Amino acid sequence: MTHFSARFLAIITAMALGNFALNAVAQNNEDVMAATGRGENANTGPLHTVTIITPDLAALRKLYETGLGLTVTGPHAVSDEDRAVQHRLWGMPDDLGYDIYMFRRPGVDGTVQMRVLVTDRPTPHMRSGWDRQQIGPYGMGFPTIDVFGADEELRALGFERAVPEVEVFQVSAPNGDSYPVSEAPFYGPEYLRIIAIGRGGGRPQVGSYNEETGRGGPVYATQIVPDADAMIEFFTTVLDMEVRSDRVWREYEIPFRFSLIHAKGSQTGHTPLVEY
């Protein structure tokens, strides 16, 4: 790589049903989010870390720390040797300076941690705007028991909801049962959305959360991809993961394919793939 063009740099690997299934999936008959097998011998675990590049630490802290309850530490020391390796692996210019901060949710196992590289100058965005169909990182999901309450709090902080109102829709399970899902997507820094999401009907949430606060996450990171088949092939054959749902949403103006990729045996830390 000869230039550095990604503020949302990488996903490091350690909901809903539409109208029809596309591929064979490792699916639980009652809940597509449920683990279908044990993961002791899997080659990889669930999503562990996402890395975001930004020159504006304050903007990320306002959303993820103040708004969503993550704990921030840093800047963390990086040796010259490690910094040289990072520059090489990530294709970063030799003269680009940065500090590393960690955003975590302590005490909640299975939460994806955020590694934030705060650069000494702006770098190009991976996404150039809010176009839903633009290839690349889309955003992250946060399990939320009270989605409407979280919606009010985030709007009070000045964040803009990405849809006119909190979305509530019924989802059909493979066995024919249905349950409600509530979503409040918001625009965040670096053209990344966050989604406060809650499952009703007695269903488990989409990932780990703090039972006292009713908040969790991030627990997944959605990617917009040009070729879902190629990505699924990589995740399943190279990383030894499984597809738990592979559907087409037709409820929106432009239909899209939605595939849920999980590590075997995992209940959290998954990677949804979207292909328009």
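Leaving aside residues up to four places away in sequence, Tyr64 touches Gly69, Leu70, Phe103, Met114, Met140, Phe142 and Ile194, where contact means heavy atoms within 4.5 Å. The structure is a predicted model, in which local features need pLDDT of at least 70 and side-chain atom pairs count only at pLDDT 80 or more, while totals for chains, interfaces and linings use all residues. Residues are numbered from 1 along each chain as its sequence is written, and side-chain values use heavy atoms, with hydrogens and water left out.

Tyr64 belongs to the largest nonpolar core, which has 29 residues; Tyr64, Phe103, Met114, Met140 and Ile194 are the members that touch the most others. A nonpolar core is a set of buried Ala, Val, Leu, Ile, Met, Phe, Trp, Tyr and Cys residues joined through side-chain atoms within 4.5 Å. Buried means under 20% relative accessible area, exposed over 50%, and partly exposed in between, with a 1.4 Å probe and protein chains only. At least two residues of this core come from each of β2 (47-54), α1 (57-67), β4 (98-104), β5 (113-119), β6, α3, β8 (178-187) and β9 (193-199). Helices (H or I, at least four residues) and strands (E, at least two) are DSSP runs, numbered from the N terminus. Helix α1 gives the largest share of the core, four residues.

Strand β12 (residues 220-224) is mostly covered, with five of its five residues buried. Tyr220, Thr222 and Ile224 are buried on one side of β12, and Ala221 and Gln223 are buried on the other. β12 runs antiparallel to β6, and five bridges join the two strands; strands count as paired if DSSP finds at least two bridges between them. Within this arrangement, Pro137 stands opposite Gln223 of β12. β12 also pairs with β15 in the parallel sense, over two bridges, and Leu273 in β15 is the bridge partner of Gln223.

Gly141 is placed in strand β6 (residues 136-143) and is buried, at 0% relative accessibility. Its contacts, apart from neighbours within four places in sequence, are Ile195, Gly217, Pro218, Val219 and Tyr220. The C-alpha atoms of Gly141 and Thr222 are 8.1 Å apart, although the two residues are separated by 81 residues in sequence.

In helix α3, the buried residues are Val147, Gly149, Ala150, Asp151 and Leu154. The elements that cover them include α1, β8, β9 and β11 (215-216). Just after α3, Gly158 has a positive phi of about 100°. Arg161 is buried, with a relative accessible area of 15%, and its side chain makes a polar contact with the side chain of Asp151 at 2.7 Å. A polar contact is a pair of N or O atoms within 3.5 Å; within protein, one must be able to donate a hydrogen and the other to accept it, and residues adjacent in sequence count only if both atoms are side-chain atoms. A polar atom of the Arg161 side chain also lies 3.3 Å from the backbone oxygen of Val163. Beyond four places in sequence, Arg161 touches Asp151, Arg155, Val166, Pro185, Phe186 and Tyr187.

Eight aromatic pairs are present in the structure. Rings of Phe, Tyr and Trp (its six-membered ring) pair if their centres lie within 6.5 Å; planes under 30 degrees apart count as stacked, over 60 as edge-to-face and the rest as tilted. Trp249 and Phe256 form a stacked pair, with 6.4 Å between centres and 25° between planes. Trp249 is buried at 9% relative accessibility, and Phe256 is buried at 7%. The pair of Phe256 and Tyr276 is tilted, because the ring centres are 5.4 Å apart and the planes stand at 50°. This pair links distant parts of the chain, as Phe256 lies in strand β14 (residues 256-262) and Tyr276 in the segment after β15 (271-275), 20 residues apart. Tyr276 is partly exposed, at 29% relative accessibility. Ring pairs join Phe169, Trp249, Phe256 and Tyr276 into a cluster.

Two charged side chains sit over rings. Lys62 lies over the face of Phe159, 5.5 Å from the ring centre, and Arg83 lies over the face of Tyr98, at 4.5 Å from the ring centre. The criterion is that NZ of Lys or CZ of Arg is within 6 Å of the ring centre and within 35 degrees of the ring normal.
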